[in-house]
Amino acid sequence: MPAPDWAAVRAEYEAGGAAGTLPEIAARHGIAPTALRARAAAEQWTRGSRTRRVNRRSIITRLFRLLDGQIAQLESQMTKTGEKEVAVLGKLASTLEKLIEIDNAEPRRAEPRVESEEMKELRHRLAQRIAQLKRS
């Protein structure tokens, strides 16, 4: 018997209830339901009907906090300004710009969106540090 097409099995598994029950999917591919469950668990497949929605606002907020922590850590460890430090700050600046772009791309609500104080402070600190590096 040929080996099952695990990519096809996974696609059906992740499609959720539309593809049928686990025993039905397993039968179509000539595998045992326990083998399907074991493979799905080992490779962390998610069943379509159980997939939860991602809270974009929460993720963006967490990424801003993470970026803020990285900047604070870099500031505390930086003893001299060299090419490496400038490169790291440049990368952090581009990451911040990308986060702002993603944040602004969110569907608009009825009320106008106002930049959070946390985001303003992070932008200000990063701009100050880049300006300081340019003067050095």
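Let me begin with Glu43 and Arg39, whose side chains meet in a salt bridge, 2.7 Å from N to O; the term requires a side-chain nitrogen of Lys or Arg within 4 Å of a carboxyl oxygen of Asp or Glu. This is a predicted model, in which local features need pLDDT of at least 70 and side-chain atom pairs count only at pLDDT 80 or more, while totals for chains, interfaces and linings use all residues. Residues are numbered from 1 along each chain as its sequence is written, and side-chain values use heavy atoms, without hydrogens and water.

Glu43 has 35% relative accessibility and therefore counts as partly exposed, a class lying between buried (under 20% relative accessible area) and exposed (over 50%), with a 1.4 Å probe and protein chains only. Arg39, at 28%, is partly exposed as well.

In total, the structure holds 5 salt bridges. One of them joins Arg10 to Glu14, with the closest N and O atoms 3.1 Å apart. Both residues lie in helix H1, residues 6-15, and are 4 residues apart, about one turn of the helix; helices here are DSSP runs (H or I, at least four residues), numbered from the N terminus.

Another salt bridge links Glu101 and Lys98, at 3.2 Å from N to O. These two are 3 residues apart in helix H5, residues 83-104, so about one helical turn separates them. Glu101 is partly exposed, with a relative accessible area of 49%, and Lys98 is partly exposed at 45%.
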